[in-house]
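Try each task before you read its solution.

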Amino acid sequence: MLDTELARLATALDGVLIRPDDADYDEVRAVWNGMIDRRPGAIARCANVTDVKTALDFARERGLLISARGGGHHIAGTAVCDDGLMIDLSAMRAVSVDPDRRTALVEGGATLADLDRETQAFGLATPGGVVSTTGVGGLTLGAGFGWLSRLHGLAIDNLVQAELVTAEGREVRASEDENPELFWGLRGGGGNFGIVTAFTFRLHEVGPEVLFGPTVYRLDDAVDVLRGYRRFAATAPRQCCVWADLMTAPPLPFLSEQVHGTRVLTLMQCYAGDPAEGEKVLAPLHEPAKPIGSAVMPRPYVEAQQLLDGVYEKGARNYWTSRNFAGLDDPVPEMLVDLTRTLPTPQSDILICQFGGAIGDVAPEATAYPHRLAAFAVAPGARWIEPSDDAACVDWVRGVTARLSSSGGEGSYVNFVSESEARARDAYGANFERLAALKAIWDPGNLFRLNQNIPPAGTG
Ligand code: FAD
């Protein structure tokens with residue numbers, strides 16, 4: 001890119017244009033996954049919708065590769081490109097709540113922390129993810145599930161409207177009434193159709209306290225506990241959501257020192273209703289074995305949403321995948337526990353997310369996200385620090401994923417996959433062709449290709 005052209009772009013923006021020689025360039029190009037080390041030709045830190053349009057027009061007219069950055073959390077690092085223009089929304093984080101209509105208007109670069117803080121000020125919330133530094137943008141466009149999803153659905157099930165700038169540089173709205181096919185595609189189709197500058201979400205009464213926290217078990221008891229978890233999940237009320245994590249015990253104050261550094265199973269439990277009722281409902285989970293520690297208690301919803309932030313700090317190297325399961329039938333629990341003995345680093349884990357409830361109320365073809373009938377997602381995640389461990393950690397995840405696939409695991413979640421593009425067909429299943437047709441209408445030149453890419457129909 002010519003300096004004179006970049007200078008013109010810098011002048012045209014209300015926000016800031018950051019170039020490789022600028023002091024904050026390295027900080028701004030760094031995303032959550034420390035494995036990603038890409039160097040954009042420039043970064044447009046947009047202040048408003050006009051900036052997004054200006055940056056997009058600039059890139060399109062010059063044939064530049066673009067990337068869109070929301071919260072910068074995607075594991076594949078698709079928020080940042082080499083050489084091209086990174087369109088950074090992280091200065092566009094305003095959240096405005098209408099308590100009467102129970103809706104929130106959320107700018108495209110907001111994080112879940114921004115959303116939760118503003119909505120809980122009115123005793124309201126909408127389903128998001130489980131780590132508050134995650135961007136609303138990428139999370140929602142991929143589907144978005146968290147502690148409230150069994151009760152109130154995925155993030156996309158609460159999306160009322162999206163405002164976006166398209167590949168042509170047009171500002172359009174998508175909702176059930178306006179551009180409904182585009183609205184269908186945005187609900188799970190990722191960043192393939194435009195840059196979303198604002199989302200409107202439906203809100204629900206939540207909290208202010210929920211019953212929330214971890215209970216930890218010895219790995220030797222984990223098969224029994226997982227079988228109990230499977231039985232519990234089959235009839236659990238929608239207010240409760242439990243994720244199981246096969247992991248190495250961190251030095252948490254409620255665990256004895258002898259346990260630190262050993263392999264354990266943690267049940268993270270959330271009951272979004274009366275805490276006393278929640279204790280009764282969650283009790284059967286703890287019948288199969290004696291826990292070695294527990295910190296389940298009523299907590300403000302905002303605190304619950306931030307409890308895992310420290311575990312998932314930015315900067316470590318990461319490689320993840322996921323597979324969906326209709327159930328955790330034998331021998332899956334035993335297999336997962338055996339695989340836990342092979343975790344490549346103390347920060348790595350095998351996470352089991354519970355679905356069902358309101359997620360399954362929506363038909364697989366009603367939104368672009370198709371995995372409505374899955375009861376669980378199993379997500380092996382390697383996390384490590386040293387680049388010299390890259391090969392071993394990536395190989396471990398791929399090996400575990402192959403075992404999951406051969407044990408009934410299928411499909412994948414676009415927000416949990418390290419390898420962009422390769423998995424799109426797998427991730428969208430029967431909805432893939434319809435998405436490709438939509439892509440051919442809204443982005444026939446595949447301008448938005450740094451994502452879990454859906455090639456426009458007819459382009460292969
Ligand atoms: P970014 O990396 O900024 O963006 C990812 C992609 O999304 C971009 O390449 C772009 O294509 C697109 N994009 C982002 N914002 C916009 C926008 N405004 N307009 C158009 N395109 C956009 N997912 C869950 O569902 N539930 C969880 O509980 C959960 N927990 C997570 C915890 C951690 C620690 C991490 C790292 C991820 C987690 N995820 C979870 C996955 C998460 O949903 C994805 O990483 C998601 O892409 C994050 O969005 P982002 O805006 O931060 O990502």
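A polar contact is a pair of N or O atoms within 3.5 Å; within protein, one must be able to donate a hydrogen and the other to accept it, and residues adjacent in sequence count only if both atoms are side-chain atoms. The model is predicted, so local features need pLDDT of at least 70, side-chain atom pairs count only at pLDDT 80 or more, and totals for chains, interfaces and linings use all residues. Residues are numbered from 1 along each chain as its sequence is written, and side-chain values use heavy atoms, with hydrogens and water left out.

**Exercise 1. The ligand**

Task: Find which residues lie 2.9 Å and 2.5 Å from an oxygen atom of the ligand.

Solution. 
- Step 1. An N or O atom of the His-74 backbone is 2.9 Å from a ligand oxygen.
- Step 2. Turn to side chains. Tyr-413 places a polar side-chain atom 2.5 Å from an oxygen atom of the ligand.
- Step 3. Check the cover. On its own the ligand has 940 Å² of accessible area (Shrake-Rupley method, 1.4 Å probe). The protein covers 97% of that area.
- Step 4. Look at the shell, using a cut-off of one heavy atom within 4 Å. There are 35 residues around the ligand, and Tyr-413 is among those that come nearest, along with Gly-70, Gly-72, Thr-78 and Phe-145.
- Step 5. Helix H5 supplies the largest share, 4 residues. Helices (H or I, at least four residues) and strands (E, at least two) are DSSP runs, numbered from the N terminus.

**Exercise 2. Helix H4**

Task: Decide why H4 counts as largely enclosed.

Solution. 
- Step 1. Buried means under 20% relative accessible area, exposed over 50%, partly exposed in between (1.4 Å probe, protein chains only).
- Step 2. Count. Leu-112, Asp-116 and Gln-120 are among the buried ones.
- Step 3. Find the neighbours. The buried residues of H4 pack (heavy atoms within 4.5 Å) against elements including H5 and strand S6 (103-107).

**Exercise 3. Strand S4**

Task: Which strands pair with S4, and in what sense?

Solution. 
- Step 1. Apply the rule: two strands pair if DSSP finds at least two bridges between them.
- Step 2. Strand S2 (residues 42-45) runs parallel to S4, joined by 4 bridges. Ala-42 is opposite Leu-85.
- Step 3. S3 also pairs with S4 in the parallel sense, over 4 bridges. Here Ile-66 has Leu-85 as its bridge partner.
- Step 4. Inspect both faces of S4. Leu-85 and Ile-87 are buried on one side, Met-86 and Asp-88 on the other.
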